[in-house]
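Work through the exercises below with the sequence and model open. Each task is followed by a stepwise solution.

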Amino acid sequence: MKPKSYQLGFEKLKETYNTNEFKTGLTATEAKKRLQENGPNKLESQKTPKWKMFIRQFNNMVIYVLIASTIITLLMGHYSDSIIIGLVIVINAIIGYYQEANASDALEKIKQMLSIEATVYRDGKRKDVPAEELVVGDTVFLEAGDNVPADLRIIDSDNLRIQESALTGEANSVEKIADKLTDENIPLAEQTNMAFASTAVTNGSGSGLVIATASDTEIGKISTEVSSVKQRKTPLMQIIDGLGTKVSYFIVAASILIFIVGLIFDTYALPVLALAVVAMMVGAIPEGMPATTSVILAKGVSDMAKKQHTIVKTLPAVETLGSVDVVATDKTGTLTKNEMTVTDILVDDLELQVSGTGYEPSGEITDHGQPVKMTSKLKLLLQGGYYANDTELHHENNQWIISGEPTDGAFLTLYHKVFPYGQADSFEEVDILPFDSDYRYIAKLVKNEQDERILFVKGAPDKLLDMARLQDKNLDYDYWLNKVEAFSKEGKRVIAVGYEKEPDNTDTVTQEMIVDGLNFLGLVAIIDPPREEVIESLKVMRSAGVEVKMITGDNAITAKSIGKKLGLADEINAITGTQWDSLSDDEKIVAANKNQVFARTTPSNKLEIIDALQKDNKVTAMTGDGVNDAPALKKADIGVAMGIKGTDVAKDSADMILTDDNFATMSSAIKEGRRIFDNIKKSILYLLPISFSEGLIVAYAILTRQEIPLQPTQLLWINMVSAITIQFALIFEPAEEGIMDRPPRKTGSRLMNRHDVFQMTYVAILIAAVSLVIDTYLNNLGVGEVISSTTMVNTLIIGKIFYLFNIRTPKLALSKELFSNSKVFIFVGLMLLLQLFLTYVPFMQDIFSTGAISLSEWGLAIAAGAIVLVVTEIDKLIRIKLQK
């Protein structure tokens with residue numbers, strides 16, 4: 001197997017990447033040649049043209065039928081019908097286009113993350129060049145504040161530290177070394193002699209050899225994955241598309257059959273028959289379904305933005321939450337605060353607890369619940385942790401933040417839990433020895449007002465204990481190591497603190513001052529605490545049958561410990577990225593279901609975990625905030641990014657953004673998604689029987705050789721205007737009782753059960769029957785075609801209004817649920833006003849072939865509606881009794 005770059009020594013690096021001495025770099029001629037051969041160091045992305053987005057909206061079976069209807073009516077000279085049907089088509093297309101055009105392009109944001117300039121060695125000189133001109137084999141100089149411009153193999157490091165959390169998920173910046181690494185398949189987070197494009201240098205300086213540019217970099221690979229990820233349709237869109245297609249096929253087939261029957265029996269002249277069949281199709285096609293669905297989703301999106309600090313970028317995503325089986329999430333900053341916090345202090349034989357979380361200095365040190373007495377040794381430990389530090393704690397905009405390392409920040413907060421923030425320092429800094437991965441500690445020399453010197457040291461327990469043993473032969477070395485191991489098993493990071501008095505004339509810190517012996521003060525245990533609200537949210541999700549998987553770059557012990565504290569499951573199973581990579585595709589599906597914790601993962605692992613869950617027919621949500629989360633966020637059925645700490649790339653790849661970074665919002669969002677699905681289902685079950693009843697009325701007229709009682713424009717009025725008025729009442733329906741106690745909908749499950757189909761059938765027949773009876777009755781009275789058709793239009797609308805009260809709730813219409821949605825009465829009132837407008841305003845009468853009807857005709861329409869409500873309520877009462 002070809003060695004990886006991190007496994008190569010310096011000479012092998014030069015040979016592999018065909019470069020000169022590192023400090024000499026490439027010649028300008030060679031760099032230009034490589035640039036021409038391999039292209040610039042930038043990421044390309046392609047955007048879908050807006051016109052293509054718009055054209056795509058017409059790729060729908062319902063729209064095909066309406067387009068055909070428009071063409072037929074146009075050829076027959078019925079221009080008003082053509083215009084109105086055409087407007088319906090365009091309105092639906094605009095709604096769909098608006099949804100898609102609002103989706104952002106994640107690749108553009110990734111592209112912007114690459115550094116603009118880079119400092120390189122060319123022809124033996126150090127110079128600044130545009131980052132786009134970097135080539136493999138260049139030597140790049142790095143210093144604090146720089147963004148890494150390409151993937152580099154570190155060849156020189158002077159306390160070089162790089163923040164890689166956006167790429168690896170690790171909270172702390174990583175100390176970089178120049179030595180080669182011998183192990184194979186080292187996770188990205190542990191490749192300490194590598195620097196990756198888009199990460200940031202936080203400390204020190206160094207240089208590295210460019211080993212990959214543009215799409216070959218780690219971030220470039222992520223951009224390729226993002227662009228190649230194909231999102232599957234949301235469960236709702238699968239249901240609606242499938243339903244729309246089946247309904248359309250059925251209506252078209254029925255229309256063709258009716259047309260053939262009409263030709264055979266010569267019921268009408270060909271133009272009249274054609275118009276009648278078009279009227280039947282237009283009446284039966286549920287044109288209002290896309291518009292109603294979009295409005296219900298849009299209202300859900302609006303509510304979530306206002307009430308739950310959530311931005312939903314694509315309308316179907318808000319409903320998808322309701323059918324989620326699995327939520328996959330990163331750990332740092334999502335399930336945990338990403339604010340390292342001291343939880344325990346060990347001084348001599350005392351085991352002390354520290355309250356308070358995060359960087360806010362509120363809390364206290366206690367001994368088994370009682371305030372601890374401040375001893376000189378404990379005070380020295382607090383001072384040692386505070387002064388052996390190069391991080392700063394700030395209070396800005398009502399928030400406590402740090403500039404520097406999270407672990408160091410935890411010691412600053414601990415100190416100020418005892419000594420007030422802003423209080424004058426007891427010591428003044430003399431010199432500092434920065435943290436280095438070789439010796440794994442930081443030391444600072446300070447002096448007091450009497451000019452006495454003290455050297456405080458803070459770092460890895462094994463290092464400090466070795467030095468403390470030199471100073472104190474009676475030190476119980478094994479006792480302290482056992483304590484370190486016990487804390488580590490709890491997922492805590494353990495730091496040791498020590499000190500040494502120095503001569504008053506000492507002005508410089510040296511290694512020799514430290515390694516010859518140290519006074520040991522004690523141990524401090526630190527953890528990135530779980531968010532309290534997340535624990536409660538996870539309980540709600542588990543009761544709703546939603547699993548939560550934690551995917552993190554942390555080690556397995558820490559991740560598993562956090563998983564237990566969070567309550568991810570009764571029994572926590574964990575797997576590492578390396579173990580995952582060794583599995584077959586089928587084994588990965590099993591592992592994705594079995595394990596709750598995925599540790600030391602790569603961006604590719606995250607994508608594969610989501611893919612494995614989807615192959616097992618699980619509806620997945622993925623939360624994250626880093627660049628490394630982007631492919632998985634896009635692949636998941638719904639990607640959820642953090643709004644505050646999330647990178648632009650993560651936000652643009654996601655479907656939903658939590659503006660307060662609060663994972664607990666997920667449980668309330670899932671509840672909202674389920675409520676929205678219920679209301680969409682109610683809307684569809686409400687819409688279809690009405691549409692079918694219109695088709696049945698026209699079909700009956702054709703087969704019985706009667707005059708067509710309804711015009712195409714009247715049918716469109718019934719479908720579209722009622723769809724955007726009384727149907728909208730359903731978007732305000734509250735969640736049903738026990739909505740979070742039922743399991744998620746199964747992937748591929750049908751929208752309608754047997755009873756739904758039965759009810760839809762008999763309601764369509766019932767409404768068509770009472771309407772035809774009224775039409776026959778009026779014709780026998782000789783009222784005229786216009787009055788008769790106007791009465792039928794109003795009969796269908798009143799029937800819709802009465803049926804609305806049945807479909808709103810699983811309980812009886814006249815139960816206490818009647819007033820649970822007060823807005824329903826507003827929409828009913830609006831629909832009645834529109835009907836009066838349609839019936840009595842002259843220009844509306846001209847467009848829709850209507851006329852003024854009398855009170856007796858209104859009475860017939862109301863009686864017909866009451867019949868529909870009574871029959872459906874009797875059906876509901878029978879079902880309620882059977883369920884009991």
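**Exercise 1.** Identify which residues in H25 meet which residues in H28, and work out how the two helices are oriented.

Solution. Step 1: list the residues. In H25, Lys-682, Leu-685, Tyr-686, Pro-689, Ile-690, Ser-693, Glu-694 and Ile-697 meet Met-792, Leu-796, Lys-800, Ile-801, Tyr-803, Leu-804 and Ile-807 in H28; contact means heavy atoms within 4.5 Å. The model is predicted, so local features need pLDDT of at least 70 and side-chain atom pairs pLDDT 80 or more, while totals for chains, interfaces and linings use all residues. Residues are numbered from 1 along each chain as its sequence is written, and side-chain values use heavy atoms, with hydrogens and water left out.

Step 1: take the geometry. Helix H25 (residues 665-703) packs on H28 at an angle of about 155°, with the axes 11 Å apart. Axes are lines fitted to C-alpha atoms, for helices over the stretch in contact, and angles run from 0 to 180 degrees between N-to-C directions. Helices (H or I, at least four residues) and strands (E, at least two) are DSSP runs, numbered from the N terminus.

Step 2: classify. H25 and H28 are therefore roughly antiparallel to each other, given that angles under 35 degrees count as roughly parallel, over 145 as roughly antiparallel, 65 to 115 as roughly perpendicular and the rest as oblique. H25 passes H28 in a right-handed crossing; a crossing is right-handed if the near helix is turned clockwise from the far one by less than a right angle, and left-handed if anticlockwise.

**Exercise 2.** Are H28 and H31 roughly parallel or roughly antiparallel to each other?

Solution. Step 1: the axes of helix H28 (residues 785-807) and helix H31 (residues 855-883) come within 8 Å and cross at roughly 30°. Step 2: the two helices are therefore roughly parallel to each other. Step 3: H28 passes H31 in a right-handed crossing. Step 4: the contact involves residues of H28 including Ile-787, Thr-791, Ile-798, Gly-799 and Phe-802, and residues of H31 including Trp-858, Ala-861, Gly-865, Val-868 and Thr-872. Tyr-803 of H28 takes part in this contact, and Tyr-803 is also among the residues that meet H25.

**Exercise 3.** Count the aromatic pairs in the whole structure, then describe the pair formed by Tyr-387 and Phe-456.

Solution. Step 1: a search of the whole structure gives 19 aromatic pairs. Rings of Phe, Tyr and Trp (its six-membered ring) pair if their centres lie within 6.5 Å; planes under 30 degrees apart count as stacked, over 60 as edge-to-face and the rest as tilted.

Step 1: Tyr-387 and Phe-456 are stacked, at 6.2 Å centre to centre and 15° between the planes. Tyr-387 lies in helix H13 (residues 376-387) and Phe-456 in strand E18 (residues 453-459), so the pair ties together parts that are 69 residues apart in sequence. Both Tyr-387 and Phe-456 are buried (buried is under 20% relative accessible area, exposed over 50%, partly exposed in between, with a 1.4 Å probe and protein chains only).

Step 2: Tyr-415 and Phe-419 form a tilted pair, 4.8 Å centre to centre with 40° between the planes. Both Tyr-415 and Phe-419 are buried.

Step 3: Tyr-386, Tyr-387, Tyr-415, Phe-419, Phe-427 and Phe-456 form one aromatic cluster.

**Exercise 4.** Where does the charged end of Arg-469 sit?

Solution. Step 1: the charged end of Arg-469 sits over the ring of Tyr-477, 3.8 Å from its centre. Step 2: Arg-126 lies over the face of Phe-141, at 3.9 Å from the ring centre. A charge sits over a ring if NZ of Lys or CZ of Arg is within 6 Å of the ring centre and within 35 degrees of the ring normal.

**Exercise 5.** Is Asn-159 buried or exposed, and what is the phi of Asn-159?

Solution. Step 1: Asn-159 is placed in strand E4 (residues 151-163). Step 2: its relative accessibility is 17%, so Asn-159 counts as buried. Step 3: phi of Asn-159 is near 55°, a positive value in a residue other than glycine. Phi of Ser-849 is near 55°, but Ser-849 lies in the loop between helix H30 (842-848) and H31 and is partly exposed, with a relative accessible area of 31%.
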